[in-house]
Amino acid sequence: MELKDKIVSFSIDHYKLVTWVMVLFTVACGAMIPLIRVDTDPENMLSSDEPVRIFHNETKQRFNLSDMVVLGVVNEHHEYGVFNPDTLRRIYELTEFAKTLQWDDPEHEGRQAGVIEVDMIAPSLIDHIEGGGGVVRFEWLMPRPPQTQQEALEIRDKAMSNQLLRGTMVSEDGRALMLLLPLTDKHLSYRVYSALNKKIAEIGGDEEYHITGLPVAEDTFGVEMFIQMAISAPLAMVTIFLLMLLFFRKLVLVISPMIVAMVSVISTMGLLIGFGFPVHIMSSMIPIFLMPIAVVDSVHILSEFFDRYTPQKGRRQSILEVVHALFVPMLYTSLTSAAGFLSLALTPIPPVQVFGVYVAVGILIAWLFTVTFVPAYVMMIPDQRLADFGMAVRHEVKQNWLTRILHRTGRLTSRAAGPIVAVLILVTGGAVYGITHIRINDNPVKWFSKSHPIRQADIALNEHFGGTYMAYLVLSMEAEGKDPVSDSVRTMAAAIRDKAKAIQHEYPKAQSAAEEIVGILDSEPFRNIGDWPDRLDYFSEMANEKMDAIPEAEDALFYAWDEMASFVKDKVLQRSFREPFKDPEVLHYMSGLQKHLEDLGLAGKSNSAADVVKKVHQELTDGSEANFKIPASQEMVSECLLQYQQSHRPHDLWRLVTMDYQHANIWLQLTSGDNRDMERVAEVVDTYILDNPPPAGMEHRWAGLTYINIVWQDKMVWGMGQSFLGSFLVVFIMMSLLFRSPLWGLLCMVPLTITIAVIYGIIGLVGKDYDMPVAVLSALTLGMAVDFAIHFLQRSRDLYAQNRSWEKVTVEMFGEPARAISRNVLVIAIGFLPLLAAPLVPYKTVGIFLCAIMALSGIVTLLALPAFMKLGEKRLFRPKAAPTGPGCNCGFCIVLSIAVVVLIALNLHQYWHMGVTRLTWISLILVPLLALTCGILSRRKACKMIEENKT
Amino acid sequence: MKMTMTLLFSFFISLSSPAWAAEPDVPSVDEIVSQANIMAYYQGRDGKSTVSMKITDKNDNVRTREFIILRKNDQPGGDQKYFVYFLQPPDVRKMVFMVHKHVAADKDDDRWLYLPSLDLVNRIAASDKRTSFVGSDFLYEDVSGRGLEEDRHELIEVTDESFVVKNVPKNPESVEFAYFTVTIDRTTYMPMKMEYFDKHDKLYRTIESRTVKNIKAEEDGEEVEYPTVTESVVKDLRTGSTTEMIFSKVQYNIGIEDSIFTERYLRRPPREAMR
């Protein structure tokens, strides 16, 4: 008795025990589900030590940046848009309300979490600077809601006159106003979102209110995703159940696949949570992926059981026969599907790894219970309840539409094998063309369907403003304290004397002060001091002493001394460490880059320290447009920056530049959060910097959620691509082992290759973005499509052994085995259509794709495989040698070796970041070595013995 | 008649007021605040000091400022003139800020700003005085003092060491606080601590006098000692930023000329302002 029969007999004989073990296992795993931790943060698509994340967090800290909720108010009815007393009063009220959205921080005792009041941007909370005619004015833009239309218009004019606000807080057309609400933690955004929505409902008025921003989209998605899970997964399950009932007409029997599906979903999720992994957007999809796979094997058993069962044979004998025939294909399909998902563990994205591993675990759990519990379940059904069950009883062979279609398909494949293959090749060619047109893109806001309020808000606000997506371009110039111009006293003395000459008309005593200063620098103690900071200290001390000693009567000397001493300290001894981002040249460069981005229409708006300097300069001088410029010297820039800090919100400056002026932040607003657009912005910046060399030593790096998204997208696309290639090889190796022939292994790969090519070809042709769900679905395709191929090939081979003619095999294959495949296709394809009703786009995508994958892989399996087998009958079904060990078949061994080498190379490449050339060398050595081993192996004595025995 | 009214009045006060109302040596709240105002802003006829300021943000980034401040009173508790000359940071050296403070309720202060590199003299328009003083956590109003008649004062606590006065603005829209309390030393009348509260009764800002020194000076030919705050710290609890202000070389009654506080001297400050 073979092992497989032992397992089945055991299950049949101890069906109660098997059932109890399963129930206990499920309950034990399920008990861990309440420990669930949810993680809806796409940032976690990258591991926390990923450089871009570290830099992003550093940037947030360095520039005091926070993730923001964007609240937009649009008034399309009023003549002056939002600038009327009513709307502004409501905006004021909302601002006051938003200030209160703070709660005790659970993580930091005594601190508050929520909206950061001091950093909020709203008309009542920001400053207005106005100058001209020798008077400057610093005041709140809207200290209180205006009483009259006139006052409202004054507020509009003030806001519009400020470059820093136009396009950011107020729209150019005056129809819309945007409040920016920074949060202590972006995970509070859904809470803030809900509270604002409630307040807006109370506030009345005919304005439109929109809330958006990446944090809100991401957080809201997380919340809605779990609601969707609770609706979609059960809905899919019910549909699958009804479809199975339709096919098998036997409620008691149909329940068993549902139990297997439930058990594997519950225990997998339980294990995932129990092992301490948070449930991420990816892992929340595990049930949806697991369900079809878990059901497939049971449907194969049921389908076969339905066809073979006769009351005479009885359930025990029938189920034994069924499992005997299906055990190996089921084992292999499960192993290959599991391998397909396991390969996701090679993708360098933690949530995708967890997803892959646990789907694989779930598949194996499902397999285990399919082969043990389903037979046990059948034994629990009394024979009399199966009295009217089965194909034999129903005599459905003739009438059934499904059987009729399959028969015809069977005949077609043997008659028109050539044309079918030709068509498939053509289709694949077209698909490859489509694949080259795939557009890789993602945008968390677009995970909501167009009718969702967040999506609506996104569309409305990005129409009115410079954009609601924030990206930060951080420029750095690490300027160490430079050594003095020269350490030769003579050079220094010359510089000092030149200076004295230059200021002599203003400071008549400059020359005598200069001589005294040179005296200090030329003195023994000064020269004996080793390093420059100490020399500077010494000089300052000496200078102060000298100046204090100047008698009251000699003011002129004092003034000259003061002027000369500060020149020596700042310029000669370089006291003022360079502060690069006060340097007009550097500010001009930033300004140019910003203008370039805005001119290309890539950034709707950008703000930087350069803009602040220009605005303040304009207002300090005469307020004219001509003076909206960066002044000529660093001192002038400093004065402008200091004036900016004399406002109600001095800390606003430190969002744009660090206090040491070594780093600056260009705050970009993008109207689109599409990764494609962010990528383009990054590219344009790189090109600009290449074409226009920046001031020496300037470096640039990106931060911001919009940018982080493109980094993980990039990793995902390439990671997925490589892990897909890896799993393709794994499956190929497994298939070759299963069928003991690389040729059969290759044949097995045909349906899934065509299916994947066609699916992704269509994505490319239709213009659907290749995003996260689409990328993950490739793993599912691999698992499902190979499943059908294994069943088909294994059965064909068994039947050929009996019939020795492909013609006859075709007829039989398009009987029961083809029916099982078709039933599976229909059950799962239709079962997941309810997902289309979900308001979240990734769910829709999964629904459509599951349907397409199942339908396509079913059709391709049923058309391509028989056609290929018909054409290659002679080659495929050579009179078979007695079973030999794989080591004895030289060609087989070599093909496998090469596949293994490539597989290893892929992994090495991904994990140790080895370059292709080094890997090529390793492969070049390894492959011949392995081939040699293969040759030696196949010439072993043991192999010879078998050969001899045969002859 | 008058006598009975007074008796009756004090009777009601003793019924409705806290225990200290009956204490004989507790002056009226108006006396307390006006005395405190003089201690904090009007010591001597004039005064001069070098001030160094250290601004530390919540990430421990530090910036410094150094300036010389000259002050002259028209009369104690009345109008005043201030002249602030910047020594540090180097790139704003020689910047000057000048104030003619007017205590009359209907007269706004006159303020000037001189920016040496841009070579601009600007008047700062009569508007909000509660903006940051050179990017620190001190506000302009903290430097030159807040008019007493802008708030309603209420004595809310008396201890052995101090009086605590609650100040509620008469025009709440003009300021960002709902009220502030001042803790005044009972013996010196020096304001030792100010606490600012928002509309939700939440404390968001404090100013503390850390060190008070007695500075020797001459008044009408006699040697006197003026208690002077030489170290004070303001904390903004919302931004997490702190500013320390240290006064050194404090001098009183040095005979500063009125003429110094004129526009003419902004561009070429007097020697007193520079050393």
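This is a predicted model: local features need pLDDT of at least 70, side-chain atom pairs count only at pLDDT 80 or more; totals for chains, interfaces and linings use all residues.
Two strands pair if DSSP finds at least two bridges between them.

**View 1. Strand 6 of chain A pairs with strand 6 of chain B across the chain boundary.**
The two strands run in the parallel sense, joined by two bridges. On the chain B side, the strand covers residues 120–124. A:Val136 stands opposite B:Ile124 here.

**View 2. The contact between chain A and chain B.**
Chain A contributes 38 residues and chain B contributes 30 residues.

**View 3. Three strands of chain A form an open sheet in the order 7-2-8.**
Pairing in the sheet is antiparallel. Strand 7 (176–182) and strand 8 (208–212) of chain A stand at the edges. Each has a single partner strand, so one side of each lacks a neighbour in the sheet. The twist from one strand to the next averages 20°. Strand 2 (residues 68–74) of chain A is joined to strand 7 of chain A by seven bridges. One residue pair to look for is A:Val74 with its bridge partner A:Ala176 in strand 7 of chain A.

**View 4. Four strands of chain A form an open sheet in the order 11-12-10-13.**
The pairing is antiparallel. Neighbouring strands are turned by 20° against each other on average, direction ignored. Inside the order, strand 10 (residues 469–476) and strand 12 (residues 663–670) of chain A pair over eight bridges. A:Leu473 has A:Ile666 in strand 12 of chain A as its bridge partner.

**View 5. Helix 9 of chain A crosses helix 29 of chain A.**
The helices span residues 286–308 and residues 816–831, respectively. Their axes come within 9 Å and cross at roughly 140°. That angle makes helix 9 of chain A oblique to helix 29 of chain A. The crossing is right-handed. From helix 9 of chain A, the residues in the contact include A:Pro292, A:Val295, A:Val296, A:Val299 and A:His300. Helix 29 of chain A meets them with residues including A:Arg819, A:Ala820, A:Arg823, A:Val827 and A:Ile828. Charged residues also take part, among them A:Glu304 and A:Asp307 in helix 9 of chain A and A:Glu816 in helix 29 of chain A. Overall, the residues of this contact divide into seven nonpolar, three polar and five charged.

**View 6. Chain B as a whole.**
Chain B has five helices and 13 strands. Of its 275 residues, 33% are buried. Among contacts in chain B with a separation of 6 or more, 46% join residues 24 or more positions apart.

**View 7. Strand 13 of chain B pairs with strand 1 and with strand 12 of chain B.**
Strand 13 covers residues 241–252 of chain B. Strand 1 (residues 46–56) of chain B runs antiparallel to strand 13, with nine bridges between them. B:Lys54 has B:Glu244 in strand 13 of chain B as its bridge partner. Strand 12 (residues 222–236) of chain B is also antiparallel to strand 13, with six bridges. In that pairing B:Glu231 stands opposite B:Ile246. Strands 12 and 13 of chain B form a hairpin with four residues between them. In the turn, B:Gly240 has a positive phi of about 75°.

**View 8. Strand 8 of chain B pairs with strand 7 and with strand 9 of chain B.**
Strand 7 (residues 151–158) and strand 8 (residues 162–169) of chain B are antiparallel and share seven bridges. B:Arg152 has B:Val168 in strand 8 of chain B as its bridge partner. Three residues separate strands 7 and 8 of chain B, and the two strands form a hairpin. Strand 9 (residues 179–185) of chain B runs antiparallel to strand 8 of chain B, with six bridges joining them. There, B:Ser162 stands opposite B:Asp185 in strand 9 of chain B.

Terms used: Residues are numbered from 1 along each chain as its sequence is written. Chains are lettered from A and ligands numbered from 1 in the order in which they are written. Two residues are in contact if their C-beta atoms, placed from the backbone, lie within 7 Å. Axes are lines fitted to C-alpha atoms, for helices over the stretch in contact, and angles run from 0 to 180 degrees between N-to-C directions. Angles under 35 degrees count as roughly parallel, over 145 as roughly antiparallel, 65 to 115 as roughly perpendicular and the rest as oblique. A crossing is left-handed if the near helix is turned anticlockwise from the far one by less than a right angle, and right-handed if clockwise. A residue is buried if 20 or more other C-beta atoms lie within 10 Å of its own, exposed if 12 or fewer, and partly exposed in between; C-beta atoms are placed from the backbone.
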